[in-house]
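Welcome, and please open the model in your viewer. We will go from stop to stop, selecting residues as we go.

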Amino acid sequence: QVQLVESGGGLVQPGESLRLSCAASGLFLRYYYMAWYRQAPGKQRELVAAIRDGGATNYADSVKGRFTISRDNAKNTVYLQMNSLQAEDTAVYYCHVERYTYWGQGTQVTVSS
């Protein structure tokens, strides 16, 4: 059974940083196209960042230069380093295995002064 467990969310002030983690069980992340999505209140879920099994990455324009997606194969974990956070980044962040129906439960990120 595949499980994705996100952690690392919280309440931070504008300009601060957070690192989200997505720990997987039931599959080896190194072989999959992994992504982080987010959903803000009243908005559709949107792709934030993705990393292919070969390591190539892509980002939403709104987070380029501020967020970095990475993967630790030994820990079977995907990360999202978020720097220079803005109020517009407030959302629930989800880990997802692209092209499959596997989603984590989400972790809340709130950016507020």
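By the sulfur-to-sulfur rule, how many disulfides does the count come to? The count comes to one disulfide, where a disulfide is a pair of cysteine sulfur atoms within 2.5 Å. Before we visit that pair, a word on the model: it is predicted, so local features need pLDDT of at least 70 and side-chain atom pairs count only at pLDDT 80 or more, while totals for chains, interfaces and linings use all residues. Residues are numbered from 1 along each chain as its sequence is written, and side-chain values use heavy atoms, with hydrogens and water left out.

**Stop 1: the disulfide**

Select cysteine 22 and cysteine 95, which are joined with S to S at 2.1 Å. The torsion about their S-S bond is about -80°, so the disulfide is left-handed. Cysteine 22 belongs to strand β3 and cysteine 95 to strand β9 (residues 91-97), so the pair ties together parts that are 73 residues apart in sequence. Strands here are DSSP runs of E with at least two residues, numbered from the N terminus. Both cysteine 22 and cysteine 95 are buried; buried means under 20% relative accessible area, exposed over 50%, and partly exposed in between, with a 1.4 Å probe and protein chains only.

**Stop 2: the four-stranded sheet**

Now color the open sheet of four strands, whose order is β1-β3-β8-β7 with antiparallel pairing. Two strands pair if DSSP finds at least two bridges between them. At the edges stand β1 and β7, each with a single partner strand, so one side of each is left without a neighbour in the sheet. From one strand to the next, the twist averages 15°, using axes fitted as lines to C-alpha atoms and angles from 0 to 180 degrees between N-to-C directions.

Zoom in on β1 (residues 3-7) and β3 (residues 18-25), which are antiparallel and joined by five bridges. Along this pair, glutamine 3 stands opposite serine 25, and valine 5 stands opposite alanine 23. Then move across to β8 (residues 77-82), which runs antiparallel to β3 and is joined to β3 by six bridges. Here serine 21 faces tyrosine 79 as its opposite number. While you look along the strands, keep one rule in mind: in a regular strand the side chains alternate between the two faces of the sheet.

**Stop 3: the six-stranded sheet**

Next, show the open sheet of six strands, in the order β2-β10-β9-β4-β5-β6 with mixed pairing. Its edges are β2 (10-12) and β6, each with a single partner strand, so one side of each is left without a neighbour in the sheet. The average twist from one strand to the next is 25°. Between β5 and β6, which run antiparallel, there are three bridges; isoleucine 51 has threonine 57 in β6 as its bridge partner.

Select glycine 10 in β2. Is this residue buried or partly exposed? Glycine 10 is partly exposed, with a relative accessible area of 25%. Beyond neighbours within four places in sequence, glycine 10 is in contact (heavy atoms within 4.5 Å) with Leu18, Gln108, Val109 and Thr110.

**Stop 4: the core**

Which residues have the most contacts inside the largest nonpolar core? Select Leu4, Trp36, Val48, Phe67, Leu80, Met82 and Tyr93, in a core of 27 residues. A nonpolar core is a set of buried Ala, Val, Leu, Ile, Met, Phe, Trp, Tyr and Cys residues joined through side-chain atoms within 4.5 Å. Elements giving two or more residues to this core are β3, β4 (34-39), β5 (46-51), β7 (67-72), β8, β9 and β10 (107-111).

Center on leucine 80 in β8, which is buried at 0% relative accessibility. Apart from neighbours within four places in sequence, the contacts of leucine 80 include Leu20, Trp36, Val48, Phe67, Ile69 and Tyr93.

**Stop 5: arginine 66**

Finish in the loop between β6 (57-59) and β7, where arginine 66 is found. Arginine 66 is buried, with a relative accessible area of 11%. Its side chain reaches the backbone oxygen of serine 84 at 2.9 Å, and a polar atom of that side chain lies 2.9 Å from the backbone oxygen of serine 62.

Definitions and conventions. A polar contact is a pair of N or O atoms within 3.5 Å; within protein, one must be able to donate a hydrogen and the other to accept it, and residues adjacent in sequence count only if both atoms are side-chain atoms.
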